[in-house]
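Visitor: Hi, I have a model open and would like to talk it through. Could you walk me around it?
Guide: Happy to, let's bring it up.
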Number of protein chains: 2
Amino acid sequence: MAKPEKHLFVCNQNRGPGHPRGSCTQSGCASVMDELMFEFQKRDLMGKFQITVTGCLGPCGSGPSVLVYPEGVMYGRVGKEDVATIIDEHLIGGKPVERLTLPAELW
Amino acid sequence: MAKPEKHLFVCNQNRGPGHPRGSCTQSGCASVMDELMFEFQKRDLMGKFQITVTGCLGPCGSGPSVLVYPEGVMYGRVGKEDVATIIDEHLIGGKPVERLTLPAELW
């Protein structure tokens, strides 16, 4: 496989229900990952862009977290319904989705 | 936590002994992660640089794999003994370690 143009890291950390730090699994990262895989397969984006599941990315209270490199843009509170927008505007269009981007104090 | 200057992704994929694709767990990624955490704590590098464990990064036959962003440099066959060099030369010195960098056809 070749180096991707953009690389998405999807946090899959789980701390269980009720944990004070929260976690991306508890806030719904599985449905975000499912939607990403569905859209990538439908649009044949595998290879051009890469998706990797990760352990804790850091901003646990604002999950689900999705991090995009090489820009280093951290998205928070990502929902299934945001996936097409991230693909259209950021991955393909080259412009990060401002409304989903976490502020500098969180990452 | 603030956005790190450099972000290390350490593959933790496991396919079990004898699997034809191999995996970073089978090739020894746990000792690389241990050494990274040890050196980061000893040198107080947490925050300036970030370490994240991941699922499969792709070049399974050349693991353990360590990926550094924002440069997008993929290291292969990383051993515990390479960790100080990566920290000294790449993270602090700013110059990727050529002898560990995978060729373009692998990533």
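This is a predicted model: local features need pLDDT of at least 70, side-chain atom pairs count only at pLDDT 80 or more; totals for chains, interfaces and linings use all residues.

Visitor: Good. How many residues does the contact take from chain A and from chain B?
Guide: Chain A puts in 23 residues, and chain B puts in 23 residues.

Visitor: And what area do chain A and chain B bury between them?
Guide: About 1,700 Å², with 60% of it on carbon and sulfur atoms. On the chain A side, the residues that lose the most area to chain B are A:Met1, A:Tyr69 and A:Trp107. Together they make up 34% of what that side buries.

Visitor: How many salt bridges are there between chain A and chain B?
Guide: The count there is zero. Polar contacts are another matter: 13 residue pairs are in polar contact between the two chains, both residues at pLDDT 80 or more.

Visitor: Which strands of chain A supply residues to the side that touches chain B?
Guide: Strand E1 (6-11), E2 and strand E3 (66-69) each supply at least two residues to that side of chain A. E2(A) gives the most, with four residues. By class, the chain A side that touches chain B divides into 13 nonpolar, seven polar and three charged residues.

Visitor: Switching to pockets: what volume does the largest pocket have?
Guide: The largest pocket comes to about 190 Å³. Its lining is made of 13 residues, and those nearest the centre are A:Met46, A:Gln50, A:Ile51, A:Thr52 and B:Cys56.

Visitor: Which elements of chain A supply that lining?
Guide: Helix H1 (29-43) and strand E2 (49-54) of chain A each supply at least two residues of the lining. E2(A) gives the most here, with five residues.

Visitor: What classes of residue does the lining of the largest pocket have?
Guide: Nine nonpolar and four polar, with no charged residues.

Visitor: Now the backbone. Where is the peptide bond to A:Pro64 cis, and what is omega?
Guide: The cis bond runs from A:Gly63 to A:Pro64, with omega near 0°. You will find A:Pro64 in the loop between E2 and E3 of chain A. Another cis peptide bond joins A:Tyr69 and A:Pro70, where omega is about 15°. A:Pro70 sits in the loop between E3 and strand E4 (73-75) of chain A. A:Tyr69 is also one of the residues that lose the most area to chain B.

Visitor: What about phi at A:Arg77?
Guide: A:Arg77 has a positive phi of about 50°, although it is not a glycine. A:Arg77 is placed in the loop between E4 and helix H2 (83-92) of chain A.

Visitor: Where do A:Arg99 and A:Asp82 lie in chain A?
Guide: A:Arg99 is in the segment after H2, while A:Asp82 is in the loop between E4 and H2. The pair links distant parts of the chain, 17 residues apart.

Terms used. Residues are numbered from 1 along each chain as its sequence is written. Chains are lettered from A and ligands numbered from 1 in the order in which they are written. Side-chain values use heavy atoms; hydrogens and water are left out. On a 1 Å grid over the protein atoms alone, a cavity is a set of points where a 1.4 Å probe fits but cannot get out, and a pocket is an open set with protein on both sides within 12 Å along at least five of seven lines; lining residues have an atom within 4 Å of a point. Grid points are joined across faces, edges and corners, and a volume is the space filled by probe spheres set on the points. Ala, Val, Leu, Ile, Met, Phe, Trp, Tyr, Cys and Pro count as nonpolar, Asp, Glu, Lys and Arg as charged, and the others, Gly among them, as polar. Contact means heavy atoms within 4.5 Å. Buried area is the accessible area (1.4 Å probe) that two parts lose on being put together, summed over both. A salt bridge is a side-chain nitrogen of Lys or Arg within 4 Å of a carboxyl oxygen of Asp or Glu. A polar contact is a pair of N or O atoms within 3.5 Å; within protein, one must be able to donate a hydrogen and the other to accept it, and residues adjacent in sequence count only if both atoms are side-chain atoms.
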